[in-house]
Amino acid sequence: MPGLSKEGVLVVADWDADGAVAAATILYSQKYECAYPIKRCLDVDLRPSEPYGAFKNLSSALCYDALAILDIPIIKISYESLREYRLKCGETKIIYADHHMSTHRELYRFMDLIDEPLVGYVPTSKILYDKILLEGASKNPRLEKFVLTIYYMDQGLKVPSDLRNIMRLLSSISKYMAHKKDSSSWIKVVEWLAPKYIYSSLDPDVLQRMISLSEELDRELKNYANELAVSAQKLGLFRYVDARRKWRRKGASSLASTLYRIFRAPVIVSVLDPHEDNKIILIIKFPGKAYKVATFLEREGLIESVGGHPSLVIIKLNVDNLIKVLSLLKSIRYI
């Protein structure tokens, strides 16, 4: 049975800075440039989400002119959730833009459900910004700076001095949203990122909350990282930190990135899987090459799943395979 319809575009995007800038790119293109994903000016509804909620909540979503799922990796429930939405909303144009490894690996199964798959090896915001320009949207120098900054950060490249303040702001946004999941502030940030006019200001209260919490989380994370760095082992190209007994919280990926900045060398961090007692999570931070390392391990049949980005991967494995995996990692001399 067809679902209730609503004119406009629904954007479902990740909480982090890349997701927010990707959402802003669609907002700018659709609402102000009338270019993409629909060739006329339409309002845009914004919904931040983590992956499970993004797909689970599709069952209650209305049938819009277009649905854009941005920077959300494919997970186990993705296919059935999208299939149900497609059956309910047959006329909705579905755009899926992402750069996560699970999406690259599983996308072929979704080709009968998605109208436009936009999947690449650069940040989602860069994929979308290039797309809207091809579709006729005008360049937005301000939005372009945010897109470019995320590209430098994601690729592990040195951020130019004129973009450093933007880098710090985007970092604060990501940390705040990861911790607070504050949808109202996220929407305000997205609207600020994609103004109709070049000059726009963000609510000072929102900005101050983000910066203050980010600074507090940074101090806390650096203290943890400095304590753990002392126990690091040299493992071939890598510095390995076993944090299974010391890390009992979210944000292990941020811990790996902080350790990478301390060592200025590729980092491997092991933590306990919070959901399964006999599983371990390995986070590998290696700009531009982390996924190559994960692929090497996968060929050996020692890991269960791989997620993340080309520069930072999250691997799940059985605890019994940890020693074999570490031995293989130690044997890597060049990649």
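**Salt bridges, disulfides and buried residues**

Glu-106 has a relative accessible area of 28% and is therefore partly exposed; the term covers values between those for buried (under 20%) and exposed (over 50%), with a 1.4 Å probe and protein chains only. The model is a predicted one, in which local features need pLDDT of at least 70 and side-chain atom pairs count only at pLDDT 80 or more, while totals for chains, interfaces and linings use all residues. Residues are numbered from 1 along each chain as its sequence is written, and side-chain values use heavy atoms, with hydrogens and water left out.

Glu-106 forms a salt bridge with Arg-109, with 3.0 Å between the closest N and O atoms. A salt bridge is defined as a side-chain nitrogen of Lys or Arg within 4 Å of a carboxyl oxygen of Asp or Glu. Arg-109 is also partly exposed, at 33% relative accessible area. In total, the structure holds 17 salt bridges. One of them joins the side chains of Asp-115 and Arg-86 at 2.7 Å, N to O. This pair connects distant parts of the chain, 29 residues apart: Asp-115 is in the loop between α4 and β5 (116–119), and Arg-86 is in helix α3. Helices (H or I, at least four residues) and strands (E, at least two) are DSSP runs, numbered from the N terminus. Arg-86 is buried, with a relative accessible area of 15%, whereas Asp-115 is partly exposed at 42%.

A further salt bridge is made by the side chains of Lys-279 and Glu-304 (2.3 Å, N to O). Here strand β9, which holds Lys-279, is linked to the loop between α11 and β10, which holds Glu-304, the two residues being 25 apart. Lys-279 is buried at 9% relative accessibility, and Glu-304 is partly exposed at 46%. A network of salt bridges links Lys-39, Lys-93, Glu-116, Lys-131 and Glu-135.

Two disulfides are present, a disulfide being a pair of cysteine sulfur atoms within 2.5 Å. In Cys-34 and Cys-41 the sulfur atoms are 1.5 Å apart. Cys-34 is partly exposed at 25% relative accessibility, as is Cys-41 at 42%. The other disulfide joins Cys-63 to Cys-89, with an S to S distance of 2.0 Å. Its torsion about the S-S bond is about -70 degrees, so the disulfide is left-handed. Cys-63 lies in the loop between α2 (51–56) and β3 (66–70), and Cys-89 in the loop between α3 (78–88) and β4 (93–98), so parts 26 residues apart in sequence are tied together. Both Cys-63 and Cys-89 are buried.

Asp-14, in the loop between β1 (9–13) and α1 (17–32), is buried but has no salt bridge. The nearest side chain of opposite charge is that of Lys-181, 7.3 Å away; Lys and Arg count as positive and Asp and Glu as negative, with His and the chain ends not counted. A polar atom of the Asp-14 side chain lies 3.1 Å from the backbone nitrogen of Asp-16. Beyond four places in sequence, the residues touched by Asp-14 (heavy atoms within 4.5 Å) include Ser-49, Leu-70, Asp-71 and Trp-186.

In helix α11 (residues 290–299), the buried residues include Ala-290, Tyr-291, Val-293, Ala-294 and Leu-297. Seen down the axis of α11, the buried residues fall within an arc of 155 degrees, so they line one face of the helix; the arc is that of the directions from the helix axis to the C-beta atoms. Elements covering these residues include β7 (238–242), β11 (312–318) and α12 (322–331). Gly-301, which follows α11, has a positive phi, near 70 degrees.

Notes:
A polar contact is a pair of N or O atoms within 3.5 Å; within protein, one must be able to donate a hydrogen and the other to accept it, and residues adjacent in sequence count only if both atoms are side-chain atoms.
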